Amino acid sequence: MELTIQSILIIVFVMGAVAGFVDSIAGGGGLITVPTLLFAGLDPLVALGTNKMQSSMGEVTASANYIAQKQLSFSGLLGGLCYTVIGSVLGAVAVSYVSKQSLEMLIPVLMLSITIYAIFSKKLRSIESTRPLLSKKTFYLVCGLVIGFYNGFFGPGVGSIWIVAFIILLGYTVKQASMSTKPLNLVGNLSSLIYFVYMGKVNFVYGLTMGTGQIFGAFMGSHVVLKNGDRIIRPVFIAVCLTVTGKLIYNTYLQ
C-alpha cells in the first residue's frame with residue numbers, strides 16, 4: 001500500500017522526535033533520521049542536507065535549554081565554536097579533493113575504541129570532574145579544528161568523539177561533556193547546512209516537519225539530562241556507540 005504524503009509527514013515528525021530525544025542525551029540521532037528521510041523518498045544527497053537542517057533545530061533547542069538552566073560553561077567556548085566552523089568548512093572543501101576510502105577504513109576502528117572505552121572507563125561513571133590534561137584554549141583549538149574537519153569531511157559518530165574528548169582531555173563528567181557537545185555540533189552542522197542550501201539539496205517541507213519533532217524530542221531529552229544525566233547518559237551513550245560502530249563496520253568491511 002502506498003503511503004500518502006500526510007502519513008509520510010507523520011512518520012517523519014515522530015522519528016524526528018525520537019531522534020531528538022536520543023541525540024540530546026548521547027548523540028547518534030542521524031542513525032534514525034537519515035534512513036527515515038531515505039524511506040520518505042529523498043535523494044541521498046538531499047537526505048543528508050535535510051538531515052543537517054532538522055538536526056540543527058534539535059541542537060538549538062537542547063543548547064538553549066542548557067543555557068537557560070545555566071549548565072553550560074562559556075569559558076573558551078566562543079573560540080571553540082570559531083575553530084569548529086573553520087574545521088568544518090575545511091573538511092567540506094577537502095571532501096571534494098580527497099578520497100574518503102582511508103578515513104572510512106579508520107573510523108570504525110576509532111569508534112570501536114570509543115565503545116570499549118565507554119564500557120570499561122571509570123571516568124565515564126564518575127560524577128566528579130577530574131584533572132584536565134589540556135587548557136581549554138588548547139583543547140578548543142586542537143579539537144575544534146580536528147573534530148570540526150572530520151564533521152565536515154565525513155561525520156558519523158562526531159558527537160561521541162566530542163563527548164570522549166571532553167572527558168579525557170578536559171576531565172568533564174559525562175553529563176558535562178554531553179551538554180558541552182551540543183553547541184559545537186550545532187555550529188558544525190550549520191556550516192554544512194549553508195553549503196547544502198546553496199547547492200539546493202535541502203527539502204524544506206520534510207526538514208521543517210522533522211525539525212519540529214526534533215525540537216519536541218530535544219526539549220524532553222535535555223530535561224532528562226538535567227535531571228538524571230549521570231545515570232541515563234552512560235547507558236544511552238554505550239548503546240549509541242555500539243550501534244554506530246556496528247553500522248560502520250558492516251558498511252565498510254562486510255557489505
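Student: Which residue follows α1, and what is its phi?

Tutor: Gly27 follows α1 in this predicted model, and its phi is positive, near 80°.

Student: How many residues does helix α1 have, and how far does it reach?

Tutor: Helix α1 covers residues 5-26, which is 22 residues. From its first C-alpha to its last it reaches 31 Å, close to the 32 Å expected at 1.5 Å a residue.

Student: Which residues of α1 are buried?

Tutor: The buried residues of α1 are Ile8, Val12, Gly16, Ala17, Ala19, Gly20, Asp23, Ser24, Ile25 and Ala26.

Student: Why would residues three or four places apart point the same way?

Tutor: An α-helix has 3.6 residues a turn, so residues at that spacing point the same way.

Student: What about Ile11: where does it lie, and how accessible is it?

Tutor: Ile11 lies in helix α1. It counts as partly exposed because its relative accessibility is 30%, a value between the 20% and 50% cut-offs.

Student: Which residues does Ile11 touch?

Tutor: Not counting residues up to four places away in sequence, Ile11 touches Leu3, Thr36 and Phe39.

Student: Changing topic: where is Thr209, and is it buried or exposed?

Tutor: Thr209 is in helix α9, which runs over residues 204-254. Thr209 counts as buried because its relative accessibility is 19%, and the cut-off for buried is under 20%.

Student: Which residues does Thr209 touch?

Tutor: Leaving out residues up to four places away in sequence, Thr209 touches Leu9, Val12 and Phe13. Val12 is also one of the buried residues of α1.

Student: What lies 2.7 Å from a polar atom of the Thr209 side chain?

Tutor: That is the backbone oxygen of Val205.

Student: And how far is Thr209 from Pro35?

Tutor: Their C-alpha atoms are separated by 16 Å, and the two residues are 174 residues apart along the chain.

Student: Now α3. What caps its N-terminal end?

Tutor: Asp43 caps the N-terminal end of α3, with a side-chain oxygen 3.0 Å from the backbone nitrogen of Leu45.

Student: What should the span of α3 be, and what is it in the model?

Tutor: At 1.5 Å a residue, the 25 residues of α3 should span 36 Å. The end C-alpha atoms of α3 are 36 Å apart, which agrees.

Student: Where is Thr50, and is it buried or exposed?

Tutor: Thr50 is in helix α3, residues 44-68. At 0% relative accessibility, Thr50 counts as buried.

Student: What is Thr50 in contact with?

Tutor: Setting aside neighbours within four places in sequence, Thr50 is in contact with Leu37, Leu42, Lys201, Val202, Asn203, Tyr206 and Gly207.

Student: Where is Lys70 found, and is it buried or exposed?

Tutor: Lys70 is found in the loop between α3 and α4, the latter being residues 77-94. At 76% relative accessibility, Lys70 counts as exposed.

Student: One more residue: where is Ser192, and what does it touch?

Tutor: Ser192 is found in helix α8, residues 174-198. Ser192 touches Lys52 and Gly152, not counting residues up to four places away in sequence. Ser192 is buried, with a relative accessible area of 7%.

Student: Stepping back, how many helices and strands does the chain have?

Tutor: The chain has nine helices and zero strands. Its radius of gyration is 17 Å, close to the 18 Å that the globule rule gives for 255 residues, so the chain is as compact as a globular protein of that length.

Student: What share of the residues is buried?

Tutor: Buried residues make up 49% of the 255 residues in the chain.

Student: And where is confidence lowest and highest?

Tutor: Confidence is lowest in helix α5, residues 101-120, at a mean of 79, and highest in α1, at 90. The mean pLDDT of the chain is 85, and 95% of its residues reach 70 or more.

Methods: Residues numbered from 1 in each chain as written. Heavy atoms only, no water. Helix = DSSP H or I, 4+ residues; strand = E, 2+ residues; numbered from the N terminus. Buried < 20%, exposed > 50% of the residue type's maximum accessible area, 1.4 Å probe, protein only. Contact = heavy atoms within 4.5 Å. Polar contact = N/O pair within 3.5 Å; in protein donor to acceptor, adjacent residues only side chain to side chain. Expected span 1.5 Å × (residues − 1). pLDDT = per-residue confidence, 0-100. Rg over C-alpha atoms; globule rule 2.2 N^0.38 Å.
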